[in-house]
Amino acid sequence: MSTWDDGSKPEPAPVGLLGWVLAVVRVLMIAVVIFGLMGPMLVLRVMGFIHAAQGVVQFACRNVLRVIGLGFHRVGAPMDQGGGVVANHSTWLDIFVLNAAQRAHFVSKAEVAKWPLIGIIARSVGTVFIERKQSHAAKHRDEFSTRLKAGHRLLFFPEGTSTDGRRVLGFKPTLFAAFFDPAVRHDVWIQPVSVAYSAPYGRDERYYGWWGDADFFPHFFNVLGQLKQGSVTVVFHDPVRVADVADRKVIAQLTHEAVHVGLADTL
């Protein structure tokens, strides 16, 4: 798993005593929202009502954003077709933001499964965990194909790392391979999505970005400890039909351009 770091990480925003109290209160409220809805969500999943279960996840994540105080705006709409969704990756908040914007199954790096709270959520909602190693490529392609045949919409970050939220790195074509499987290629689409964060007033514009191998807890509590939050805008672009594209490298370039332009236009 690669990590991005341009060496210009801003100093953490200060969090006073009131901020720490607020962070703890928000953590407790988030836990109430998530664990209160986890039961119904799991029951629906076990019964086979996957779409309804993801609706519960979407509802929970929208309420988590309300608890955090992060303003949320959606432009455009999720595609009706099955397939994949690709987006730029800035922060752990993306998990809540993108689940709040649509019903989809995340594809995430394996380390996320071990994160406190976030890992529990990710495992319970059917996240696909992957190791970004060439030796695992065939295994992941097969799992993707199985999920796509089952009608799941898979959401992943082709950059392979998080950034400062002000740029879009090149899209790696590896994870697009499963969508070109002859068994699913003619039935799936890929929808690019741009996620643009606006920092809280007076904070560095890159405030929500997550540099390199930054520790989770300091960033998590710093965000939750801010009295006033910024906002996030999620922009859905026109989906691309996989059957109309030559190969995974081309679709990686097409979707990257859409996400890049969307981010630049929104910031």
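Author: What follows goes through the salt bridges and then turns to a pair of helices. Keep in mind that this is a predicted model.

Start with the count. The structure holds five salt bridges. Side chains of opposite charge can pair when their charged atoms come close.

Take Arg167. Its partner is Asp164, and their closest N and O atoms are 2.8 Å apart. Asp164 has a relative accessible area of 3%. Buried means under 20%, so Asp164 is buried. Arg167 has a relative accessible area of 32%, so it counts as partly exposed.

Move to Arg166. Arg166 forms a salt bridge with Glu205, at 3.4 Å from N to O. Where do Glu205 and Arg166 lie? Glu205 is in the loop between strand S6 (189-198) and helix H6 (216-224). Arg166 is in the loop between strand S5 (154-156) and S6. The two are 39 residues apart in sequence, so their pairing ties together separate parts of the chain. Arg166 itself is partly exposed, with 26% relative accessibility.

Next comes Asp204. It pairs with Arg206, and here the closest N and O atoms are 2.9 Å apart. Arg206 is buried, at 17%. Asp6, Asp164 and Arg167 are joined by salt bridges into one network.

Now the helices. H2 covers residues 50-68, and H3 covers residues 93-101. Their axes come within 7 Å of each other. They cross at roughly 125°. Angles from 65 to 115 degrees count as roughly perpendicular and those over 145 as roughly antiparallel, so H2 is oblique to H3. The crossing of H2 past H3 is left-handed.

Which residues make the contact? From H2 come Val57, Gln58, Cys61, Arg62, Val64, Leu65 and Ile68. From H3 come Leu93, Ile95, Phe96, Val97, Asn99, Ala100 and Ala101. Sorted by kind, the residues of this contact are eleven nonpolar, two polar and one charged.

Terms used. Residues are numbered from 1 along each chain as its sequence is written. This is a predicted model: local features need pLDDT of at least 70, side-chain atom pairs count only at pLDDT 80 or more; totals for chains, interfaces and linings use all residues. Side-chain values use heavy atoms; hydrogens and water are left out. A salt bridge is a side-chain nitrogen of Lys or Arg within 4 Å of a carboxyl oxygen of Asp or Glu. Buried means under 20% relative accessible area, exposed over 50%, partly exposed in between (1.4 Å probe, protein chains only). Helices (H or I, at least four residues) and strands (E, at least two) are DSSP runs, numbered from the N terminus. Axes are lines fitted to C-alpha atoms, for helices over the stretch in contact, and angles run from 0 to 180 degrees between N-to-C directions. Angles under 35 degrees count as roughly parallel, over 145 as roughly antiparallel, 65 to 115 as roughly perpendicular and the rest as oblique. A crossing is left-handed if the near helix is turned anticlockwise from the far one by less than a right angle, and right-handed if clockwise. Contact means heavy atoms within 4.5 Å. Ala, Val, Leu, Ile, Met, Phe, Trp, Tyr, Cys and Pro count as nonpolar, Asp, Glu, Lys and Arg as charged, and the others, Gly among them, as polar.
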